[in-house]
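Notebook open, model loaded. I'll jot down what I looked up, starting with one side chain and then moving out to the whole chain.

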Amino acid sequence: MVYKETPAWIFLLLLQKELFDLIQWYRKEGYQADVRRLPEEEFPGLLTTFREFLAETNWANAELTYESLRSH
């Protein structure tokens with residue numbers, strides 16, 4: 001077996017159209033989701049608001065550290 005490195009520009013040349021198509025799709029369509037509806041209808045009890053997350057993790061407590069949050 002002989003190791004032969006492939007220049008990076010070859011991958012760019014080969015993937016250029018696919019990458020362009022992906023960027024165009026993301027700009028024009030992108031992922032579609034009604035973020036405000038998801039917590040109540042699609043994932044009840046699973047997703048929380050940022051405010052709820054802060055309250056549930058007692059984030060305002062200056063004595064807590066990241067490690068103490070992980071231990072719960």
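Which backbone oxygen does the side chain of Thr57 reach? I found that of Phe53, at 2.8 Å. I also looked at Leu54, whose backbone oxygen lies 3.4 Å from a polar atom of the Thr57 side chain. For a polar contact I used a pair of N or O atoms within 3.5 Å; within protein, one must be able to donate a hydrogen and the other to accept it, and residues adjacent in sequence count only if both atoms are side-chain atoms.

A note on the source: this is a predicted model, where local features need pLDDT of at least 70, side-chain atom pairs count only at pLDDT 80 or more, and totals for chains, interfaces and linings use all residues. Residues are numbered from 1 along each chain as its sequence is written, and side-chain values use heavy atoms, with hydrogens and water left out.

Next I placed Thr57: it sits in the loop between helix H3 (50–56) and helix H4 (66–70). I then read the protein chain from end to end and got α-α-α-α, with four helices and zero strands. Helices (H or I, at least four residues) and strands (E, at least two) are DSSP runs, numbered from the N terminus.

The radius of gyration of the protein chain is 23 Å, well over the 11 Å from the globule rule for 72 residues, so the chain is more spread out than a compact globule. That radius is taken over C-alpha atoms, and the rule is 2.2 Å times the number of residues to the power 0.38. I noted a C-alpha trace spanning about 55 × 35 × 25 Å along its principal axes.
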